Amino acid sequence: MKYIITLNLLLVALLLSGQDCQMVSLKLPIPEGVSKHHFPAQAMPASATESFFTYLSEWDKGELVVKMRFSKDGEEWTAWEVLKKDYTQPTAKNSPLHIADNDYEFFEWAVYNKAGLESELALNFYYPSEIPVFANINSAYPVEVATVGCPQPTIVAVDSETVIVGNDENK
């Protein structure tokens, strides 16, 4: 399974190199104090022209752990995916890049404010496309939509095995 994920991410890196993405970013404040926040399921912010999209979380202070899961119908959900700082990059203020199937209609997420510092969290969804991929965005939080360079995963060899260790933000 590990090799399939690695090969899929390598394929994504090749497909995205030099391509523009439509970024949809949901931004929200995380209050001071160690706390957990769970947000209700909501519709995906856009739809991709490719068969996939990528996503990550980023924050300005502290250490936040974000969990996300996806659904095609709002009934059956994927396992929770943890988006937290890569331990090999101690100064990182974002999670590694993740990939998901474009067939998802809904997502649900939760945030754990591990350090207890007030912070601003951004959930960034990247849709490979040169044309806008807007959808109805009903959010209680500010939403930013922009054309950016597609973020690229950082790929390194560890003990003769290819490993994705983070991402290069080409914003």
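These legends walk through several close-up views of a predicted model. Residue numbers start at 1 in each chain and follow its sequence as written, and side-chain values rest on heavy atoms, with hydrogens and water left out. Because the model is predicted, local features need pLDDT of at least 70 and side-chain atom pairs count only at pLDDT 80 or more, while totals for chains, interfaces and linings use all residues.

**View 1. E144 and K27 meet in a salt bridge.** The closest N and O atoms of this pair are 3.4 Å apart; a salt bridge here is a side-chain nitrogen of Lys or Arg within 4 Å of a carboxyl oxygen of Asp or Glu. E144 sits in strand β9 (residues 143–149) and K27 in strand β1 (residues 20–30), 117 residues apart. Strands are DSSP runs of E with at least two residues, numbered from the N terminus, just as helices are runs of H or I with at least four. E144 is partly exposed at 34% relative accessibility, and K27 is partly exposed at 24%. For these words, buried means under 20% relative accessible area, exposed over 50%, and partly exposed in between (1.4 Å probe, protein chains only). Searching the whole structure turns up 4 salt bridges.

**View 2. E108 pairs with R69 in a salt bridge.** Here the closest N and O atoms are 2.7 Å apart. E108 belongs to strand β7 (residues 106–113) and R69 to strand β4 (residues 64–71), so the pair ties together parts that are 39 residues apart in sequence. E108 is buried, at 8% relative accessible area.

**View 3. D101 and K72 form a salt bridge.** The N to O distance is 4.0 Å. D101 is in strand β6 (residues 98–101), while K72 is in the loop between β4 and β5 (81–83), 29 residues away. D101 is partly exposed at 28% relative accessibility, and K72 is partly exposed at 47%.

**View 4. N124 reaches E58 through a polar contact.** The two side chains are joined at 2.7 Å; a polar contact is a pair of N or O atoms within 3.5 Å, where within protein one must be able to donate a hydrogen and the other to accept it, and residues adjacent in sequence count only if both atoms are side-chain atoms. Look for N124 in strand β8 (residues 119–128). N124 is buried, with 1% relative accessible area.

**View 5. An open sheet of 4 strands runs in the order β2-β7-β4-β5.** Its pairing is antiparallel, and two strands pair if DSSP finds at least two bridges between them. β2 (35–43) and β5 stand at the edges with a single partner strand each, so one side of each has no neighbour in the sheet. β2 and β7 are joined by 7 bridges, and H37 stands opposite V111 in β7.
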